[in-house]
Amino acid sequence: MVLGLLCLELVYVLSANLALSTRLVRAIVQTAAGVKLEYDSAYSLIPGHVRVRGVRLRVEDANIQLQLLVPRASLTLSLHELALRRLHVLAVNCDGVSFRLRHKVHEVGMNGARLAAYAPIEGFAEPPLYDPTPPAPDPKVKYWEVHIDNVVAQLRELWILEYRFLGDAEARGSFTLRPTTWVQVEPAQLTLRSGSLHAGPHLAAKSITGTIQASVPGLDVKGTSGLQVFSGISGRIELALSGGSLGFLNLYTKPQFNFTLAGPSNFLVRVLLKRGLLAEGTKVQLVAPSYQAHMSRFQLAGGLHATFARSASSKELALQLEATDAKLTAAGIPNTPPQLRSVAGTMNLRGVDLTGSFEVAEATLSSDAAVPDLSWFDRLTTGNARPRLGGAGDCQLELQRHADGKGTGQLQLRLQRARLDYAGGQLRTSGRGTARFRTEERPVVFAQGALSLQLTDADSLLSFAFGSFLQSAVGKTLKLDALSANIAFHASAKAVHLQLTRAVSGLVTGRGTYYQPAAGNGRGAGLMTAGPVNVGILVKDGDATVSPLVSSDWLKLNSPP
């Protein structure tokens, strides 16, 4: 019996190592379409137990490409199941693993920078594009079924799409694969003990730690497409990312909006997923104490705090944003820049299913901005005839959007010793204005409301309409030292309509209307009255015409339809 067992062992060692040392095993594995296996060496002394070095596994299907590099591994096989075309690995231990995964795209478009950050995989074309005419599966081909249990892998690299982790990590789990038809993942866990996270040339996190747990009870590959892949996935992600830069977001913002970000960032991620649903307790937090946002010649710099979460007993996702002490600067303009002292916003999204769509339920926004020197805007325009600004101002904005698509808002504006120098004279004023409005999204998008103005030092408003001579001649007589006005407005995609319902400046009153279509020049008419004297102002094709001594019904006859 002992001699028989020794003979069997000798036969196994010779046959198994002969198969491992030749291309027989590689050829068998590569009968599966899109799979290529190479390794430097492998041997087996005990039936079912194999040690291998330098494994290079490459897999491709219609949607994804992946590469697995394993310097050293030991595995235990179920030998009798091989006869059933079933590869059942009972246990795997490997060290120094590199795993790379990327999905195919239909076109490059504006995603060139992002695709350039994808993991390179030897033997595959760049960039990874969908094959518009993939070969039809051969019904005669009998695919192997793969079961891999009790995986313990020490990873040094994990590169998924444009995100590359480098460091110390461990993966544990089991999965089942029936090529082109079925995937099942038993509870699996990835533990990131230490390392960094990169996105192309950008450092997304100098330090990243945490765990990722996932399970897929069973996924019908042929019957699942797009976001439906999330319907069967459950898991938990808890990560802490620190010491990174917001620059990694430029992979998305720069090509889409010509907008770049910079500055240190820290993330806390806690995502709970139950069969595709974001569960209670999900929370993603961003802290960027000193960000810089660049667009063209402008830069906005300040502090940012953002939170995205699902609260308890709610089927909505909440986004909260707070920005503080932000300054807007422009290249070549040394004046005191505008300052966004605070911004606070919330947005509730209806829906927690990753396979479905999300709708805005409620949203609010409030901001407080100051312009210490209005002349800062002078350098934004060119030409000798351009108007000149002076003085200071600040404004506060409040917006609220309701679940039915309707909204309300209020804008408050204050001016201190504001000045406008133009070719015909100078306009000086101080005071405040308040605009209240409402918005609707259905059946068409529009906003309407009213603006109330209370201005002092407004004697120069008359010269703005008629010239400095009339100001000096009658300004003091008519007591044109203040202005009170109410303006109604209606704005839509087709046009903007303004109506001056009543304006009072000393002994002068005024009414008027102005209509600006989306395309073409605006037109308007105004009537100023001082006692029995009426003066008409007609605006058409960018020019203003003054008609003195008109009748009281002049405005009715000349107002735009």
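In this predicted model, the protein has an accessible surface of about 31,200 Å². Carbon and sulfur atoms account for 61% of that surface. Of its 561 residues, 34% count as buried.

**Overall architecture**

- The secondary structure of the protein consists of 7 helices and 29 strands.
- When contacts between residues at least 6 apart in sequence are considered, 52% of them join residues at least 24 apart.

**Helix H4 and its surroundings**

- Helix H4 spans residues 250-257, and Asn250, Leu251 and Thr253 in this helix are buried.
- Asn258 follows H4 and has a positive phi, near 50°.

**Cysteines**

- The structure contains 0 disulfides.
- Cys94 has a relative accessible area of 12%, and it counts as buried because this value lies under the 20% cut-off.
- Cys395 has a relative accessibility of 25%; this residue is therefore classed as partly exposed, as the range for that class lies between 20% and 50%.

Technical notes. Residues numbered from 1 in each chain as written. Predicted model: local features only at pLDDT ≥ 70, side-chain atom pairs only at ≥ 80, totals over all residues. Heavy atoms only, no water. Disulfide = S-S within 2.5 Å. Buried < 20%, exposed > 50% of the residue type's maximum accessible area, 1.4 Å probe, protein only. Helix = DSSP H or I, 4+ residues; strand = E, 2+ residues; numbered from the N terminus. Contact = heavy atoms within 4.5 Å. Areas by Shrake-Rupley, 256 points an atom, 1.4 Å probe, with all protein chains shown as cover.
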